[in-house]
Each structure stands twice: as structure tokens, then as C-alpha cells.
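Biologist: Before we start, could you take me through this structure term by term, with the rule behind each word?

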Amino acid sequence: MGFLSGKRALIVGLATDRSIAWGIAQAMHREGAELAFAHIERMTDRVVPLARQLGSEITFVMDVAVDADIEKGFAFLKGHWPAFDILVHAVAFAPKDALTGEFIDATTRENFQTAHDISSYSLTALARAARPFMHERKGAMVALSYLGAVKSIPSYNVMGLAKASLEANVRFLAADLGPQGIRVNAISAGPIKTLSAAGIPGLRKMLTHVAAASPIKRNVTIEDVGNAAAFLCSDLAAGITGEVLYVDGGYHNVGMSFPADGDGA
Ligand code: NAD
């Protein structure tokens with residue numbers, strides 16, 4: 001019996017079999033959770049067969065930037081599941097020109113608003129919609145962040161600000177929802193080549209740099225992130241909320257990294 005057996009998880013943000021959401025879905029399925037998936041319309045042909053692979057018949061379109069979509073999506077879900085236990089938020093977006101060139105020039109009012117709306121506000125909106133479903137259950141929510149929330153990273157630009165907002169969002173939601181038995185956490189994942197990440201110029205350099213500098217000497221995988229998310233959303237993590245758990249091979253803890261040559265030079 002898996003450590004998520006008897007739990008139901010809504011996963012928002014599956015696009016392809018390279019998505020972090022896919023690593024999370026696989027880990028949660030392996031641990032016994034039942035799954036439902038919300039996705040953007042454009043991804044329907046990819047998401048439906050992936051969901052079927054994990055025994056899920058519940059998939060629906062929901063653009064998190066549109067309130068009516070969120071309302072419609074949760075109303076549809078209610079028809080299948082009157083209650084569920086886990087919300088996975090694996091959604092982010094910034095226009096391509098916001099991620100090109102220097103932060104100071106690339107950041108406009110418009111792309112600032114878009115990045116924050118889709119990548120951070122959506123967590124508040126989804127948490128509000130999910131709350132009644134988690135009534136009197138040990139609910140758990142998890143969102144995906146990145147090191148750009150706390151450190152400057154070339155090209156990550158306005159998305160770093162949106163992730164900082166997302167992490168603050170997690171802390172405020174954890175405070176509001178904790179008394180109702182619902183925990184809210186984030187995972188700050190190391191870089192992984194997914195559809196969204198491929199839009200960040202210099203991703204290849206990032207992956208090479210992180211693999212060389214991190215204590216585990218490799219990049220993390222969607223399986224690494226999936227296993228951590230499954231744990232955080234399980235009752236095994238009952239004492240953890242408002243936290244940002246780094247699943248980055250220890251990279252964020254390294255101040256400097258080069259081979260020790262021992263000659264005192
Ligand atoms: P991905 O492209 O597979 O997933 C991003 C998802 O966001 C897609 O499914 C996309 O359809 C969805 N999305 C975008 N706009 C949306 C909208 N308006 N409504 C609903 N869905 C929308 O990429 P990923 O890397 O798996 O990203 C998942 C999460 O992980 C994101 O929050 C991302 O910032 C975060 N993250 C990724 C990395 C990485 O290196 N890949 C590292 C740390 C954190």
C-alpha cells in the first residue's frame with residue numbers, strides 16, 4: 001500500500017511527458033493516489049493519453065488566467081469528486097521577450113503583470129477554489145518555484161520576481177489554511193529541460209553549470225521532484241507547512257565550487 005493511498009490529487013500544469021507535473025503525477029500514482037488533471041486547451045491531445053496511462057479519466061481545460069475557467073473547471077470536478085486532498089500547482093508563464101536580454105530592459109508593466117498573474121496569483125485563486133473540497137480532510141497543496149526567487153539568474157528576469165511572489169503566497173496561504181488542516185508548501189527545483197524551461201535562453205549553460213557545481217554532480221530529474229512532492233503532500237509531512245523545499249541537488253547551498261588541488265596555489 002502506497003503512502004498516498006485513499007488520496008485524490010488535482011494536478012494543474014501537465015503539458016508533456018517531460019513536465020515536472022508528469023514526474024509528480026507518476027510518483028503520486030505509484031503511491032496510490034487517484035489523479036485528475038487540469039490543462040490548457042492547446043495541450044488536450046497530449047494530456048489526455050498521459051492521464052489515461054495513470055488510470056485517470058478526469059481531465060479538463062482550465063486557463064488559470066481566466067476566473068470563469070477556474071469556476072467552470074472546479075464545477076466540472078465536483079461532478080466527479082465532491083472532495084479531494086491534494087492540489088499541485090505546476091504552472092508558470094512569462095512572455096518570451098521578458099526572458100530575453102537584461103532584466104532592466106526586458107521588464108515591462110505588461111509582462112510583469114502577466115508573469116505574476118499566471119505564475120503567482122493563480123495559486124491564490126486555485127487554493128480558494130480548492131479549499132471547500134478539502135473540508136475536514138488533511139489537505140495539502142504544493143507549488144513549484146525556482147532559485148530565481150531569491151538570487152539573480154541571467155535571463156530568468158521577471159520570472160524571478162514572480163517566483164518570489166509565489167513563495168510569499170505559499171507562506172500566506174499556509175497561515176490562512178493551516179487552522180483548517182490544509183498545508184501549503186513549495187518545491188524549489190533545480191533546472192530541468194521541459195517545454196517552459198526550453199524558452200529560457202542559456203538553459204543548456206545553466207544545466208551544465210549546475211551539474212558541475214552541485215554536491216550531487218548531476219541535474220535533478222522530474223522523478224526527483226515528483227518523489228519530493230508526493231512526500232510533501234502525504235501525511236508523512238504532516239508537520240511541514242509554509243516551507244520551500246529545495247530539490248536541486250544541494251546547489252543553492254554551495255558558495256563556491258572548484259576541484260581542490262591541494263598544492264596551496
Ligand atoms: P511545462 O512547460 O511542462 O509546464 C508548465 C505548465 O504551465 C504547462 O503545462 C503550461 O500549459 C502551463 N500553463 C502556462 N500558462 C497557463 C495558463 N494560463 N493556465 C493553465 N496552465 C498554464 O514546464 P515545467 O518546467 O514542468 O513547469 C512546471 C512548474 O515548474 C512551473 O511553475 C515552473 O516555473 C517550475 N519550475 C521549473 C523548473 C525547470 O527548470 N523546468 C525549475 C524550477 C521550477
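**Terms and the values behind them**

Modeller: At a relative accessibility of 15%, Ser-155 counts as buried, since that word is used for residues under 20% relative accessible area, whereas exposed is kept for over 50% and partly exposed for what lies in between, with a 1.4 Å probe and protein chains only. This is a predicted model, in which local features need pLDDT of at least 70 and side-chain atom pairs count only at pLDDT 80 or more, while totals for chains, interfaces and linings use all residues. Residues are numbered from 1 along each chain as its sequence is written, and side-chain values use heavy atoms, with hydrogens and water left out.

Biologist: Why is Glu-136 called exposed?

Modeller: Its relative accessible area is 73%, and exposed means over 50%, so Glu-136 is exposed.

Biologist: And why is Ala-230 called buried?

Modeller: Ala-230 has a relative accessible area of 0%, and the word buried applies under 20%, so Ala-230 is buried. This residue lies in helix 8, residues 222-232, where a helix is a DSSP run of H or I with at least four residues, a strand is a run of E with at least two, and both are numbered from the N terminus.

Biologist: What is the phi of Glu-136, and what is that of Ser-155?

Modeller: Glu-136 has a positive phi of about 60° although it is not a glycine, and Ser-155, also not a glycine, has a positive phi of about 70°. Most residues other than glycine have a negative phi. Glu-136 is found in the loop between helix 5 (109-130) and strand 5 (140-145), and Ser-155 in the loop between strand 5 and helix 6 (157-177).

Biologist: Which classes of residue make up the shell around the ligand?

Modeller: The shell has 18 nonpolar, six polar and two charged residues, where Ala, Val, Leu, Ile, Met, Phe, Trp, Tyr, Cys and Pro count as nonpolar, Asp, Glu, Lys and Arg as charged, and the others, Gly among them, as polar.
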